[in-house]
Amino acid sequence: MTIRNTSSVVRLRRLVRESEPSNEELRARVASLSRRIGLRAALDVRISRAIAVPAVAGVLRPVLLLPLSVLSGLAGSDLDMIIGHELAHVRRYDFAVNLMQRVAETVLFFLSFIIQRDVVFAQSAHKAGRPE
């Protein structure tokens, strides 16, 4: 679990680092949509050749990652809907909920081993005739 979570974070950071900054027109469009849905600050917008679908990455400073293919074949209103959808994830704090879920999964994964160890210890102590 811990390895999976760590590797996911490393992959996301690499995607953001290897992506390219967007043009001023796209940043202005994202800023306008951000204000419209009630976000205080506009997100950093990056263009990535390594992804096939738009995504938001990051917890403290979310970054909107857009695939290069999205920019080349869509009308302005379609692009606005895609950006609005990703901004809605930011507004609802989906990234924070996802992070808490992954932390809970990791804790519960290791907790099951601790409980199992305690049960085995109690059973062996009981068989040996010793109280816990």
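Helices (H or I, at least four residues) and strands (E, at least two) are DSSP runs, numbered from the N terminus. This is a predicted model: local features need pLDDT of at least 70, side-chain atom pairs count only at pLDDT 80 or more, and totals for chains, interfaces and linings use all residues. Residues are numbered from 1 along each chain as its sequence is written, and side-chain values use heavy atoms, with hydrogens and water left out.

**Stop 1: Pro-21**

Select Pro-21. This residue sits in strand 1 (residues 20-21). Buried means under 20% relative accessible area, exposed over 50%, and partly exposed in between (1.4 Å probe, protein chains only). Is Pro-21 buried or exposed? Pro-21 is exposed, because its relative accessible area is 56%. Now show its contacts, meaning heavy atoms within 4.5 Å. Leaving out residues up to four places away in sequence, Pro-21 touches Val-45, Arg-46 and Ile-47. Pro-21 and Gly-76 are 55 residues apart in sequence, and their C-alpha atoms are 19 Å apart in space.

**Stop 2: helix 2**

Move on to residues 24-37. This is helix 2, with 14 residues. From first C-alpha to last, helix 2 reaches 20 Å, close to the 20 Å expected. The expected span is 1.5 Å times one less than the number of residues.

Color Glu-25, which has its place in helix 2. Glu-25 counts as exposed because its relative accessibility is 61%. Its C-alpha lies 22 Å from that of His-89, 64 residues apart along the chain.

Which residues of helix 2 are buried? They are Leu-26, Val-30, Ala-31, Leu-33 and Ser-34. An α-helix has 3.6 residues a turn, so residues three or four places apart point the same way. Show what the buried residues of helix 2 pack against: strand 2 (44-48), strand 4 (63-67), helix 3 (68-73) and helix 4 (76-91). Just after helix 2, stop at Gly-38, where phi is positive, about 95 degrees.

**Stop 3: the largest nonpolar core**

A nonpolar core is a set of buried Ala, Val, Leu, Ile, Met, Phe, Trp, Tyr and Cys residues joined through side-chain atoms within 4.5 Å. Select Leu-26, Leu-64, Ile-83 and Leu-87. Among the 15 residues of the largest nonpolar core, these four touch the most other members. Helix 2, strand 2, strand 4 and helix 4 each supply at least two residues of this core. Helix 4 gives the largest share, 4 residues.

Center on Ile-83. What does Ile-83 touch, not counting residues up to four places away in sequence? Its contacts are Leu-26, Arg-29, Val-30, Leu-33 and Leu-64.

**Stop 4: Tyr-93**

Go to the loop between helix 4 and helix 5, where Tyr-93 lies. Tyr-93 counts as exposed because its relative accessibility is 52%. Check its backbone. Phi of Tyr-93 is near 60 degrees, a positive value in a residue other than glycine. Most residues other than glycine have a negative phi.

**Stop 5: helix 5**

Helix 5 (94-127) comes next. This helix has 34 residues and reaches 49 Å from first C-alpha to last, close to the 50 Å expected at 1.5 Å a residue. Its buried residues are Phe-95, Thr-106, Ala-122 and Ala-125.

Pick His-126, also found in helix 5. His-126 is exposed, because its relative accessible area is 65%. Just after helix 5, Gly-129 takes a positive phi of about 85 degrees.

**Stop 6: the lining of the largest pocket**

Show Helix 1 (2-18), strand 3 (55-57), helix 4 and helix 5 together. Each supplies at least two residues of the lining of the largest pocket. Which element gives the most? Helix 1 does, with 11 residues. Color the lining by class: 20 nonpolar, 7 polar and 10 charged residues. Here Ala, Val, Leu, Ile, Met, Phe, Trp, Tyr, Cys and Pro count as nonpolar, Asp, Glu, Lys and Arg as charged, and the others, Gly among them, as polar.
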